[in-house]
Amino acid sequence: MRSLTQWMSLYGESHQHPTNKLIHWMAVPGIFFCVVALLWSLPTPWQQTEMNWATLATLPAALFYLRLSRPLGIAMCLFMGMCLMLCHWLSATAPLLYLATGLFVVLWIAQFVGHAVEGKRPSFFTDLQFLLIGPAWLMQRILRQLRIPT
């Protein structure tokens, strides 16, 4: 497994242009939330419990992040928890599946526009794990601003 430094360096290579970075600051957390929301919306065989596919999917993601860095992993767990809480709230007040699907499409279009401006392909074309690294790349920058070492 690559180290946190290796992942961040590789990801950063195709995220240099200011416009692409700005788009990523808006789109990456939104896409992450949309994936959680789409998983939340899938029917489960255990309908009478609070357990759902989104909750189950965050567990291996949390382990992935925690293996990279404990502070980063904890921050990402907090973000995933916020996504789950937002799904819980929205599922009671809005059509979560439709909201997440529409937002997902719009945000991915924005991502591809950003990469067109950058002139480089999205990182996940070379390794799907970069889909998990994108949110961590942003979170690491937040932690650095807070002077929390990763």
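Is Arg-147 buried or exposed? Arg-147 is exposed, because its relative accessible area is 75%, and the cut-off for exposed is over 50%. The legends below start with the whole chain and return to this residue at the end.

**Figure 1. Overview of the predicted model.** This is a predicted model. The protein has 6 helices and 0 strands. From the N terminus on, the order of elements reads α-α-α-α-α-α. Along the principal axes, the C-alpha atoms fill a box of roughly 45 × 35 × 30 Å.

**Figure 2. Inside and surface of the protein.** Of the 150 residues, 41% are buried. The protein exposes about 8,600 Å². Carbon and sulfur atoms supply 70% of that area. Among contacts with a separation of 6 or more, 74% join residues 24 or more positions apart. There are 9 positive and 4 negative charges, and their mean positions are 9 Å apart.

**Figure 3. Helix H4 and its cover.** Helix H4 covers residues 70-93. Its 24 residues should span 34 Å at 1.5 Å a residue. The end C-alpha atoms are 35 Å apart, so the span agrees. The buried residues of H4 are Leu-72, Gly-73, Ala-75, Met-76, Phe-79, Met-80, Cys-83, Leu-84, Cys-87 and Leu-90. What covers them includes helix H1 (4-13), H2, helix H3 (53-68), H5 and H6.

**Figure 4. Pro-71 in helix H4.** Pro-71 is found in helix H4. At 31% relative accessibility, Pro-71 counts as partly exposed. The cut-offs explain why: buried means under 20% and exposed means over 50%. Leaving out residues up to four places away in sequence, Pro-71 touches Leu-143, Ile-148, Pro-149 and Thr-150. Pro-71 and Leu-143 are 72 residues apart along the chain. Their C-alpha atoms are separated by 8.5 Å.

**Figure 5. Ser-91, also in helix H4.** Ser-91 lies in helix H4. Its relative accessibility is 36%, so Ser-91 counts as partly exposed. Apart from neighbours within four places in sequence, Ser-91 is in contact with Trp-40 and Leu-96. Leu-96 is one of the buried residues of H5. From C-alpha to C-alpha, Ser-91 and Met-80 are 16 Å apart in space. In sequence, the two are 11 residues apart. Met-80 is among the buried residues of H4.

**Figure 6. Helix H5 and what follows.** Helix H5 holds 23 residues, 96-118. At 1.5 Å a residue, H5 should span 33 Å. Its end C-alpha atoms are 32 Å apart, which agrees. The buried residues of H5 are Leu-96, Ala-100, Leu-107, Trp-108, Gln-111, Gly-114, His-115 and Glu-118. Their cover includes helix H2 (18-41), helix H4 (70-93) and helix H6 (130-145). Gly-119 follows H5 and has a positive phi, near 85°.

**Figure 7. Arg-147 after helix H6.** Arg-147 is found in the segment after H6. Arg-147 is exposed, with a relative accessible area of 75%. The phi of Arg-147 is positive, about 60°, although the residue is not a glycine. Most residues other than glycine have a negative phi.

Terms used: Residues numbered from 1 in each chain as written. Predicted model: local features only at pLDDT ≥ 70, side-chain atom pairs only at ≥ 80, totals over all residues. Heavy atoms only, no water. Helix = DSSP H or I, 4+ residues; strand = E, 2+ residues; numbered from the N terminus. Buried < 20%, exposed > 50% of the residue type's maximum accessible area, 1.4 Å probe, protein only. Contact = heavy atoms within 4.5 Å. Areas by Shrake-Rupley, 256 points an atom, 1.4 Å probe, with all protein chains shown as cover. Lys, Arg positive; Asp, Glu negative; His and termini not counted. Charge placed at Lys NZ, Arg CZ, Asp CG, Glu CD. Expected span 1.5 Å × (residues − 1).
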